[in-house]
Each structure stands twice: as structure tokens, then as C-alpha cells.
Amino acid sequence: MDQTSTDEPLSHVLKLKNEIVKLNHRVIQLEKEVKSIQENCRHVFYETNVTRSCIKCHYVESTYY
């Protein structure tokens, strides 16, 4: 296997897990920002038979019932 050898694999794993947690928090922050933008957008929709999408903020609604 092609894997970088580390002197302290446990420490490396803990660093990676910590980085994953940080990135997950950042993803949550970005999702909240997108949601806020979409909630405050004056939507301009492009409609198809099954969806309508805002061309400004990319908010999507299903029109298929």
C-alpha cells in the first residue's frame, strides 16, 4: 500500500479527526449563510414541469405533487 509513514499514527489520526470536525462546522456555517440568502431573496423563478428554481439564489422547489 502507498501510505505515508508517520512516527505517531494515533496522533496523526487525532489531527485528521480534529480537522474533520472543524470542516464540518464550516460546512454548517456555509449552509446557514446560503439559507439566509435564499430566505431574503426576491426570487426570480425558472420553471419546468417538476421544479421551479430561482435564477438568483438557486433555491429549488418541487412542483411535482
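Colleague: Leaving aside neighbours within four places in sequence, which residues is Val-50 in contact with?
Modeller: In this predicted model, Val-50 is in contact with Glu-61, Ser-62, Thr-63 and Tyr-64; contact means heavy atoms within 4.5 Å. The C-alpha atoms of Val-50 and Thr-63 are separated by 4.9 Å, although the two are 13 residues apart along the chain.

Colleague: Where does Val-50 lie?
Modeller: Val-50 belongs to the loop between strand E1 (45-47) and strand E2 (51-54). Strands (E, at least two residues) and helices (H or I, at least four) are DSSP runs, numbered from the N terminus.

Colleague: Is Val-50 buried, exposed or partly exposed?
Modeller: Val-50 is partly exposed, as its relative accessible area is 40%. Buried means under 20%, exposed over 50%, and partly exposed in between, with a 1.4 Å probe and protein chains only.

Colleague: And what share of the protein chain is buried?
Modeller: Of its 65 residues, 6% are buried.

Colleague: Changing topic, what lies over the face of Phe-45?
Modeller: Arg-52 does, at 3.9 Å from the ring centre. The criterion is NZ of Lys or CZ of Arg within 6 Å of the ring centre and within 35 degrees of the ring normal.

Colleague: What should I know about the numbering and the values?
Modeller: Residues are numbered from 1 along each chain as its sequence is written, and side-chain values use heavy atoms, without hydrogens and water. Local features need pLDDT of at least 70 and side-chain atom pairs 80 or more, while totals for chains, interfaces and linings use all residues.
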